[in-house]
Amino acid sequence: PLPFDRLLEQAMKMETVFHGRPSGLDHTVSALGKAIWFQKNNNAPSWRPLEFPSLDILIVDSGTIGSTAAMVAKVAQTAHTIQTQSLLFKMEDLSMHMLNAIQTNDPQAIGRLCTQNHQYLQELGVSTPILNTIVNTAIEKGAWGAKLSGSGGGGIVMILGNNLPALRAY
């Protein structure tokens with residue numbers, strides 16, 4: 001058995017093989033088995049446990065596959081532009097609102113903020129038409145919010161709401 005810090009270090013090395021420049025979030029959450037407040041900075045990621053409210057979440061597989069490395073490279077190509085910098089700043093600000101919504105146990109606000117995050121990801125160019133259709137359909141059918149999960153380019157959408165079994169028909 002490895003000490004926890006060493007386990008995270010080894011997992012980061014493995015994720016780098018598959019994803020290029022991973023944040024470290026995925027394997028940290030997996031290793032802890034609970035929600036965390038995660039921040040990536042230049043030195044090393046930092047995190048702390050976070051009490052997350054109980055929510056109903058529907059996961060929808062888009063039937064498409066994205067590449068984390070490709071999406072990270074795509075955003076990196078425009079990282080120096082004013083538009084991308086503005087979006088990243090908005091997303092950072094949004095994360096603070098999300099932390100507040102989580103800490104005050106406001107599931108509808110969490111949903112709305114997820115949808116706003118999806119819109120920013122769409123503007124960054126990491127969403128796809130099918131992911132956008134899934135998000136838009138979920139909102140039209142009464143979900144509190146929805147967003148792509150992971151790096152984008154394909155994959156899954158998380159949908160939050162209180163009548164999620166009804167959405168499964170769509």
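In helix α4, the buried residues are T84, L87, M91, L94, M98, L99, A101 and I102. Because these residues cover an arc of only 155° around the axis, they lie on the same side of α4. The structure described here is a predicted model. On the other side of α4, the exposed residues are I82, F89, E92 and Q103.

Helix α4 comprises 22 residues, numbered 82-103. From its first C-alpha to its last the helix reaches 32 Å, close to the 32 Å expected at 1.5 Å a residue. Just after α4, a positive phi of about 55° is found at N105.

Residue E15 belongs to helix α1, which runs through residues 4-19. With a relative accessible area of 12%, E15 is buried, because this value falls under 20%. When neighbours within four places in sequence are left aside, the contacts of E15 are G20, P22, G24, D26 and H27.

The second largest pocket holds about 210 Å³ of space. Its lining consists of D5, L8, E9, M12, G24, H27, T28, A44, P45 and W47. Helices α1 and α2 (25-32) each contribute at least two residues to this lining, and α1 gives the most, with 4 residues.

Methods. Residues are numbered from 1 along each chain as its sequence is written. This is a predicted model: local features need pLDDT of at least 70, side-chain atom pairs count only at pLDDT 80 or more; totals for chains, interfaces and linings use all residues. Side-chain values use heavy atoms; hydrogens and water are left out. Buried means under 20% relative accessible area, exposed over 50%, partly exposed in between (1.4 Å probe, protein chains only). Contact means heavy atoms within 4.5 Å. The expected span of a helix is 1.5 Å times one less than its number of residues. The arc is that of the directions from the helix axis to the C-beta atoms. On a 1 Å grid over the protein atoms alone, a cavity is a set of points where a 1.4 Å probe fits but cannot get out, and a pocket is an open set with protein on both sides within 12 Å along at least five of seven lines; lining residues have an atom within 4 Å of a point. Grid points are joined across faces, edges and corners, and a volume is the space filled by probe spheres set on the points.
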